[in-house]
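Have a go at each task before you read its solution.

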Amino acid sequence: LYRDLPLTYGTPTMSPHCADTEKYGVVDRVVADFAAMREKGEPFAGQGIAELITVNGVRVVVEDGTWGLVRASSNKPELVVVVESPVSAERRRDMFEALDAVLRRNPGIGPYNQAF
(Lines give C-alpha, C1' and ligand atoms only; values in the text may rest on other atoms or scores of the structure.)
Protein backbone atom coordinates (compact mmCIF):
# COMPACT_ATOMS: atom_id res chain seq x y z
CA LEU A 1 0.00 0.00 0.00
CA TYR A 2 2.77 2.43 0.90
CA ARG A 3 4.49 2.01 -2.49
CA ASP A 4 1.20 2.81 -4.24
CA LEU A 5 0.97 6.24 -2.62
CA PRO A 6 1.99 9.13 -4.87
CA LEU A 7 5.33 10.77 -4.14
CA THR A 8 5.05 14.24 -2.61
CA TYR A 9 7.58 16.77 -1.39
CA GLY A 10 6.51 18.29 1.90
CA THR A 11 7.96 20.47 4.60
CA PRO A 12 7.82 19.91 8.31
CA THR A 13 5.41 22.15 10.18
CA MET A 14 7.24 25.45 10.48
CA SER A 15 6.21 28.19 12.89
CA PRO A 16 7.40 31.77 12.65
CA HIS A 17 6.95 33.78 15.81
CA CYS A 18 3.96 36.13 15.81
CA ALA A 19 2.51 37.69 18.94
CA ASP A 20 -0.81 36.34 20.17
CA THR A 21 -2.26 39.84 19.85
CA GLU A 22 -1.27 40.01 16.16
CA LYS A 23 -1.45 36.51 14.70
CA TYR A 24 -5.16 36.43 13.81
CA GLY A 25 -4.95 39.85 12.15
CA VAL A 26 -1.92 38.69 10.15
CA VAL A 27 -3.82 35.62 8.95
CA ASP A 28 -6.80 37.80 7.96
CA ARG A 29 -4.49 40.06 5.92
CA VAL A 30 -2.80 37.08 4.26
CA VAL A 31 -6.21 35.65 3.29
CA ALA A 32 -7.17 39.04 1.82
CA ASP A 33 -3.86 39.25 -0.09
CA PHE A 34 -4.44 35.85 -1.68
CA ALA A 35 -8.06 36.64 -2.51
CA ALA A 36 -6.97 39.86 -4.24
CA MET A 37 -4.24 38.05 -6.19
CA ARG A 38 -6.70 35.42 -7.35
CA GLU A 39 -9.31 37.98 -8.35
CA LYS A 40 -6.72 39.91 -10.40
CA GLY A 41 -5.46 36.72 -12.02
CA GLU A 42 -1.95 37.29 -10.66
CA PRO A 43 0.35 34.28 -10.66
CA PHE A 44 1.62 32.96 -7.36
CA ALA A 45 4.76 30.86 -7.07
CA GLY A 46 4.94 30.96 -10.87
CA GLN A 47 1.40 29.67 -11.53
CA GLY A 48 -2.22 30.65 -11.36
CA ILE A 49 -4.09 30.20 -8.11
CA ALA A 50 -6.41 27.23 -8.63
CA GLU A 51 -8.06 27.22 -5.21
CA LEU A 52 -8.18 29.08 -1.91
CA ILE A 53 -9.42 27.17 1.11
CA THR A 54 -10.08 29.62 3.93
CA VAL A 55 -11.16 27.36 6.77
CA ASN A 56 -8.91 28.04 9.77
CA GLY A 57 -6.41 30.18 7.87
CA VAL A 58 -5.67 29.79 4.19
CA ARG A 59 -4.47 27.02 1.92
CA VAL A 60 -3.43 28.39 -1.46
CA VAL A 61 -3.30 25.75 -4.19
CA VAL A 62 -1.72 26.52 -7.57
CA GLU A 63 -2.38 24.88 -10.92
CA ASP A 64 0.14 22.04 -10.57
CA GLY A 65 -1.28 21.00 -7.17
CA THR A 66 1.49 22.56 -5.08
CA TRP A 67 0.03 24.18 -1.97
CA GLY A 68 0.94 26.27 1.03
CA LEU A 69 -0.92 26.68 4.30
CA VAL A 70 -0.84 29.53 6.81
CA ARG A 71 -2.87 29.56 10.01
CA ALA A 72 -2.59 30.93 13.51
CA SER A 73 -1.41 28.52 16.18
CA SER A 74 -4.15 27.90 18.72
CA ASN A 75 -1.82 27.67 21.70
CA LYS A 76 1.45 29.50 20.96
CA PRO A 77 2.47 32.97 19.78
CA GLU A 78 3.21 31.59 16.31
CA LEU A 79 1.83 31.04 12.86
CA VAL A 80 1.77 27.57 11.34
CA VAL A 81 3.20 27.16 7.84
CA VAL A 82 3.23 23.94 5.79
CA VAL A 83 4.04 23.47 2.09
CA GLU A 84 3.69 20.44 -0.15
CA SER A 85 4.22 19.73 -3.84
CA PRO A 86 3.27 16.68 -5.87
CA VAL A 87 5.75 17.86 -8.53
CA SER A 88 9.23 18.41 -7.08
CA ALA A 89 11.35 19.69 -4.25
CA GLU A 90 12.03 22.78 -6.38
CA ARG A 91 8.29 23.56 -6.62
CA ARG A 92 8.04 23.07 -2.84
CA ARG A 93 10.83 25.64 -2.41
CA ASP A 94 9.15 28.05 -4.88
CA MET A 95 5.91 27.86 -2.91
CA PHE A 96 7.63 28.35 0.44
CA GLU A 97 9.55 31.40 -0.77
CA ALA A 98 6.44 32.97 -2.31
CA LEU A 99 4.37 32.24 0.81
CA ASP A 100 7.05 33.63 3.10
CA ALA A 101 7.22 36.81 1.00
CA VAL A 102 3.48 37.37 1.55
CA LEU A 103 3.91 36.77 5.29
CA ARG A 104 6.84 39.19 5.49
CA ARG A 105 4.59 42.04 4.31
CA ASN A 106 3.36 42.06 7.90
CA PRO A 107 5.54 43.52 10.63
CA GLY A 108 6.02 41.34 13.66
CA ILE A 109 6.71 38.07 11.85
CA GLY A 110 9.72 36.59 13.56
CA PRO A 111 12.09 33.76 12.73
CA TYR A 112 10.89 30.23 12.09
CA ASN A 113 11.30 27.67 14.83
CA GLN A 114 12.47 25.20 12.19
CA ALA A 115 13.66 25.46 8.61
CA PHE A 116 13.56 22.80 5.98
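**Exercise 1.** Work out how many bridges join strand β4 to β5, and in which sense the two run.

Solution. Start with β4 (residues 67-72): six bridges join it to β5, and the two run antiparallel. Next, pick a facing pair: Gly68 stands opposite Val83 in β5. Then follow the chain from β4 to β5, and you'll cross a hairpin of six residues. Strands here are DSSP E runs of at least two residues, helices H or I runs of at least four, numbered from the N terminus; two strands pair if DSSP finds at least two bridges between them.

This is a predicted model, where local features need pLDDT of at least 70, side-chain atom pairs count only at pLDDT 80 or more, and totals for chains, interfaces and linings use all residues. Residues are numbered from 1 along each chain as its sequence is written, and side-chain values use heavy atoms, without hydrogens and water.

**Exercise 2.** Is Asn56 buried or exposed?

Solution. Locate Asn56 in the loop between β2 and β3 (58-62). Its relative accessibility is 54%, so Asn56 counts as exposed. Its phi is positive, near 60°.

Notes: Buried means under 20% relative accessible area, exposed over 50%, partly exposed in between (1.4 Å probe, protein chains only).
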